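Reader: Here is a structure I would like to go through with you. Please tell me what each label rests on.

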Amino acid sequence: MAIINFRQGGCAMIACVVMFTAAMLLCCATAEADPQGKSLLLLGNLDYPPLNFIENGISKGVTVDIVRALSKEMGRQINIELTDWNTAQEKVLKGEADGLIEMSISDKRKQLYDFSNPILTNEFSLFVRSDDIRIRGVGNLAGMKVAVTKGGLPDVFMEARPEVVVVPVGSYREGVERLAAGSVDAFAGDRWVGAYIIRTHDLRGIKVTGSPFASLPGAIAIRKGNPQLVAEINQAIARLEKTGAIARIQDKWRPQEMVFLSWQRARRIVITAASLVLLVLAGAIAIWIMSLKRQIRERKKAEQALLGSQAILSQILDSIPQGIFWKDRDCVYQGCNKILAKTLGFSASDQVIGKTDFDLSWPQEEAEAYRADDQDVMETGRPKRHIVEPLQQADGSRLWVDTTKVPLADDSGNVYGVLGVFDDITDRRKNEEALRESERKYRELVENLNVGVFRSIPTSERVVSANTALVEIFGYDTLSEFQRQPISAHYHHDTDWSLIIEKVSREGQIKDWEVEACKKDGSTIWITISAKAHYDGHGTAVRWIDGIIEDITERRRTEEILRENEQRFRAIFEHSGIGIAVVDMQGHPIESNPVLLKMLGYNEEELGVMRFTEFTHPDDRDPDWGLFGELLEGKRDRYQIEKRYVTKTGQVIWGRLTVSIIRDAAGNPLYCIGMVDDITERQQMQEIMVQAEKMAMIAGLAAGMAHEINNPLGIIVQNLQVLEQRFSPRYSRNIEVAEQVGLDFGLLLKYLERQEIFDFINGMKDAGKRASKVMTNTLQFSRKSGEGHQSVFLPAVCDQALEMTENDYDLKKRYDFKAITIFREYADDLPQISVNISEIVQVLINLLKNAAQALSEGSIDRKPLIRISARRHNGMVELKISDNGPGMPEEIRRRVFEPFFTTKEVGVGTGLGLAVSYTIITNNHGGSIDVDSSPGNGTCFTIQLPIK
């Protein structure tokens with residue numbers, strides 16, 4: 001009652017205080033706003049309380065107050081204009097206004113507006129009558145009439161539910177008024193707005209039921225193309241949220257909704273009290289009727305008291321929610337209460353007196369039925385109870401009523417009329433029809449399921465009900481035949497059903513319990529059971545169990561086959577001698593076997609986050625990725641390629657890759673299987689064989705060519721020496737011959753010097769010496785020698801070669817060993833080996849000079865370094881000579897041992913140094929020499945010599 005008094009008595013004073021406060025805040029906001037930028041015009045809905053509305057010519061509402069707070073926070077004048085909502089949107093889209101003060105955000109609206117951060121959340125709920133216990137949420141709306149305003153989210157939401165009868169209304173007020181009048185079962189709308197309308201228009205008997213069925217964030221909608229303004233508004237919103245200003249504004253308006261809820265609670269108390277009063281009054285009626293008979297006998301003595309009792313009776317009858325009437329023996333109405341009079345369209349009960357059923361609003365056939373019932377009751381003297389029949393009201397609408405008629409008799413037992421009482425059971429009948437329809441749909445659904453559905457009582461060992469699918473699962477012909485068998489007889493083990501009952505009773509439910517069962521013919525099947533227990537009112541004893549049974553025999557058989565296949569695949573995968581990986585459609589290894597992990601040097605976690613191109617050699621990535629793409633596009637089912645891999649340590653290995661694609665039943669790619677065979681040794685052997693064959697062929701050609709060239713070359717060099725002697729003044733014979741022919745020998749020498757003849761002769765001599773050296777190297781390249789070998793420690797030979805090169809300086813070749821740091825790393829357990837010392841020194845000098853030249857050519861920003869290391873490895877002595885120079889590309893690395901192949905300029909190299917070194921190591925010493933290099937990573941020559 002305190003809440004109601006506050007609502008009735010304090011509203012005027014509160015309204016004045018609120019209006020005065022709002023006016024002061026508006027004045028302050030207007031005075032303090034410093035319009036640093038252009039003033040803004042925001043439009044809103046003039047009739048959407050309490051969010052935004054006009055009252056006494058003043059714009060009010062939650063969002064109006066928030067926008068005013070934003071104006072003050074932004075330091076910018078924001079003008080608010082509330083108008084028709086459709087007009088407001090058209091003006092913004094035409095550019096006649098800057099935006100809308102509040103609009104729900106949706107993908108469709110984002111195409112037309114830019115939205116700020118949310119300033120309010122609109123929650124949409126169901127409003128129902130307070131005494132309606134049928135509707136607890138949207139799941140109870142089947143067959144119900146639900147009012148919605150056209151075009152909003154509730155309209156879209158309800159139209160998508162075919163079981164709901166959607167009733168369009170023009171406004172929130174119309175919707176809740178129709179709900180209060182009973183012409184619709186529910187109203188769906190914004191919780192803020194609905195609560196405000198109910199409270200302000202004093203629409204009683206309405207409540208909010210269930211949780212909101214939808215919610216949308218509301219924000220300020222700005223005309224497209226002004227991101228700076230949106231950013232400015234968002235910054236102001238963030239500041240207001242941080243200070244709690246927006247929350248305070250929302251709380252300021254939210255109590256109006258709470259007043260409504262408090263009044264509802266008070267109303268429920270009043271209704272409860274009224275019900276108790278009615279019960280008391282009903283008892284009073286019974287007492288009064290008993291006393292009435294006595295009063296009739298004494299009416300002459302108590303006529304005045306009788307008049308007072310009639311007045312009391314009239315008040316009591318008018319307070320009873322059932323319709324009450326009474327007629328005389330001619331079926332003429334002698335009285336009724338207000339409920340019946342209102343149903344018939346009369347304003348007072350006495351307007352019905354003297355009329356018959358044929359004088360009233362209902363159809364002729366119904367009036368005849370009513371009279372027939374009245375006459376039957378009066379003639380037999382027996383009541384007719386719970387006559388369920390239609391009743392047409394004065395406005396043409398029809399009700400379903402439950403009528404009871406009893407005879408009226410005097411003290412002598414003579415019947416002088418009939419008394420009727422009816423209850424409006426329209427809602428109950430609708431509920432019953434809905435329940436029957438729901439039951440029918442449920443039964444159809446259960447019967448059409450391809451899984452078994454059952455209900456059983458644990459203590460009876462019988463199935464109470466089941467669908468056809470369950471009977472078929474167990475191989476029976478009829479449900480009755482199936483029910484005659486105890487439940488435990490359907491299971492392979494006698495204890496299975498008792499275990500299920502025990503678990504369901506203890507835990508309340510089970511899910512996907514797999515168990516063996518028996519069909520009628522004795523065959524075994526596998527089933528899965530999901531069941532739920534229903535307890536008695538105390539929550540202790542299980543009354544019944546509902547469950548679902550699915551035949552999973554085929555699935556189990558398929559799973560067993562899959563497990564066997566998986567075991568076979570896993571054995572192949574884990575124990576295969578080649579690397580295997582399962583790769584997804586983006587090229588990431590999902591799973592890799594131990595051989596592949598060892599081959600590449602990664603663990604499975606590291607490899608799983610990489611794409612296969614990341615551990616593929618750069619030169620082989622494009623061909624491999626191209627074939628992989630064709631595989632995904634369906635152009636091929638598999639492919640094979642030989643390519644290089646880069647291990648975790650940077651080592652390059654060769655592999656033969658075979659890739660196959662696995663697809664699902666629809667042909668969609670699932671994953672790929674890649675199998676890698678390490679062919680590094682085979683590739684190296686092929687390179688060695690090709691190199692050896694090439695060397696053998698070139699050696700034969702070189703030997704013949706060297707012998708053929710050496711003879712004329714010797715003649716040329718010898719003649720040049722003779723020519724030099726003939727021009728030398730040291731020999732007197734030259735002067736004598738000149739004088740004999742009348743030639744001044746001194747002038748001749750001056751002529752030859754001026755014409756640079758001696759320079760030409762010296763140049764030819766140098767060229768002859770270089771050619772002679774080439775021939776010598778060529779002959780050594782083609783010669784195989786096993787003579788002159790000595791047993792030595794390899795580090796001593798290396799030091800000898802370093803001593804010979806450390807003082808080497810060649811201005812033309814632009815290298816100086818004194819500027820290069822040399823690191824020596826010799827293992828302590830090195831044995832003596834048998835080598836030709838001079839040949840090994842020659843090889844080392846060639847490699848060291850090549851390294852020095854490479855270091856002088858590259859524009860590297862690190863200190864030049866050559867590292868020499870020696871160790872035991874695989875029964876050989878391994879010698880490595882590496883530098884940190886610029887390195888070389890793959891196409892050059894492959895050809896470095898070819899005779900006459902050089903990348904140096906003419907006159908700097910002959911192209912035979914590495915070829916001769918290759919021959920010395922492989923042919924003369926039975927070892928091997930290899931090179932590893934890539935651009936930017938330096939070069940490393942590896943020599944392996946046998947231990948003898």
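Author: This is a predicted model. One place to begin is an open sheet of five strands, ordered S14-S13-S17-S16-S15, with antiparallel pairing.

Reader: What makes S14 and S15 edge strands?

Author: Strand S14 (333-336) and strand S15 (384-392) each have a single partner strand, so one side of each is left without a neighbour in the sheet. On average, neighbouring strands of this sheet are turned by 25° against each other, direction ignored.

Reader: How do you know that S13 and S17 pair?

Author: Two strands pair if at least two bridges are found between them. Strand S13 (residues 323-328) and strand S17 (residues 415-424) have six bridges, in the antiparallel sense. The pair therefore meets the cut-off. Within it, Gly323 stands opposite Phe422 in S17.

Reader: Which helix packs on this sheet and touches S13?

Author: Helix H13 (residues 364-380) does, and it also touches S15, strand S16 (398-409) and S17. The direction of H13 makes about 160° with that of S15. Helix H14 (residues 426-448) lies across S15, S16 and S17, and runs at about 125° to S16.

Reader: How do you know that S15 and S16 pair, and what joins them?

Author: Seven bridges link S15 and S16 in the antiparallel sense, against a requirement of at least two. They therefore count as paired. Pro390 stands opposite Trp400 in S16. S15 and S16 form a hairpin with five residues between them, and Gly396 in the turn has a positive phi of about 95°.

Reader: What about S16 and S17?

Author: S16 and S17 run antiparallel and are joined by nine bridges; the bridge partner of Val401 in S17 is Asp424. These strands form a hairpin with five residues between them, with Gly413 in the turn at a positive phi of about 90°.

Reader: Which order do the strands S23 to S27 take in their sheet?

Author: The order is S24-S23-S27-S26-S25, in an open sheet of five strands with antiparallel pairing. Its edge strands are strand S24 (589-592) and strand S25 (638-646), each of which pairs on one side only. Neighbouring strands here are turned by 30° against each other on average, direction ignored.

Reader: How do you know that S23 and S24 pair?

Author: Three bridges join strand S23 (residues 579-583) to S24, and the two run antiparallel. At least two bridges are required, so S23 and S24 count as a pair. In S24, Pro589 is the bridge partner of Val583.

Reader: Why is Ser456 called buried?

Author: Buried means under 20% relative accessible area. Ser456 has 0% relative accessibility, so it counts as buried. Ser456 lies in strand S18 (residues 452-457). Not counting residues up to four places away in sequence, Ser456 touches Arg462, Val463, Val464, Ile487, Trp497, Trp544 and Ile545.

Reader: Is His617 buried or exposed, and what makes it so?

Author: The relative accessible area of His617 is 14%, and the cut-off for buried is under 20%. His617 is therefore buried. His617 is found in the loop between helix H20 (604-608) and helix H21 (618-632). Leaving aside neighbours within four places in sequence, His617 is in contact with Arg644, Tyr645, Val646 and Val652.

Reader: Why is Leu670 called partly exposed?

Author: Partly exposed covers what falls between buried, under 20%, and exposed, over 50%. Leu670 has 42% relative accessibility, so it counts as partly exposed. Leu670 lies in strand S27 (residues 669-678).

Reader: What makes up the nonpolar surface patch that includes Leu670?

Author: Ile590, Ile662, Leu670 and Tyr671 make this patch of about 330 Å². Patch residues must have over 30% relative accessible area; Leu670, at 42%, therefore passes that cut-off.

Reader: How many of the residues in the whole chain count as buried?

Author: Of the 948 residues of the protein chain, 40% count as buried. The secondary structure of the chain comes to 29 helices and 36 strands.

How values were computed:
Residues numbered from 1 in each chain as written. Predicted model: local features only at pLDDT ≥ 70, side-chain atom pairs only at ≥ 80, totals over all residues. Heavy atoms only, no water. Patch = residues over 30% accessible without salt bridge, like charges linked within 9 Å, V, L, I, M, F, W, Y side chains within 5 Å. Areas by Shrake-Rupley, 256 points an atom, 1.4 Å probe, with all protein chains shown as cover. Salt bridge = Lys/Arg side-chain N within 4 Å of Asp/Glu carboxyl O. Helix = DSSP H or I, 4+ residues; strand = E, 2+ residues; numbered from the N terminus. Buried < 20%, exposed > 50% of the residue type's maximum accessible area, 1.4 Å probe, protein only. Axes fitted to C-alpha atoms, helices over the stretch in contact; angles between N-to-C directions. Contact = heavy atoms within 4.5 Å.
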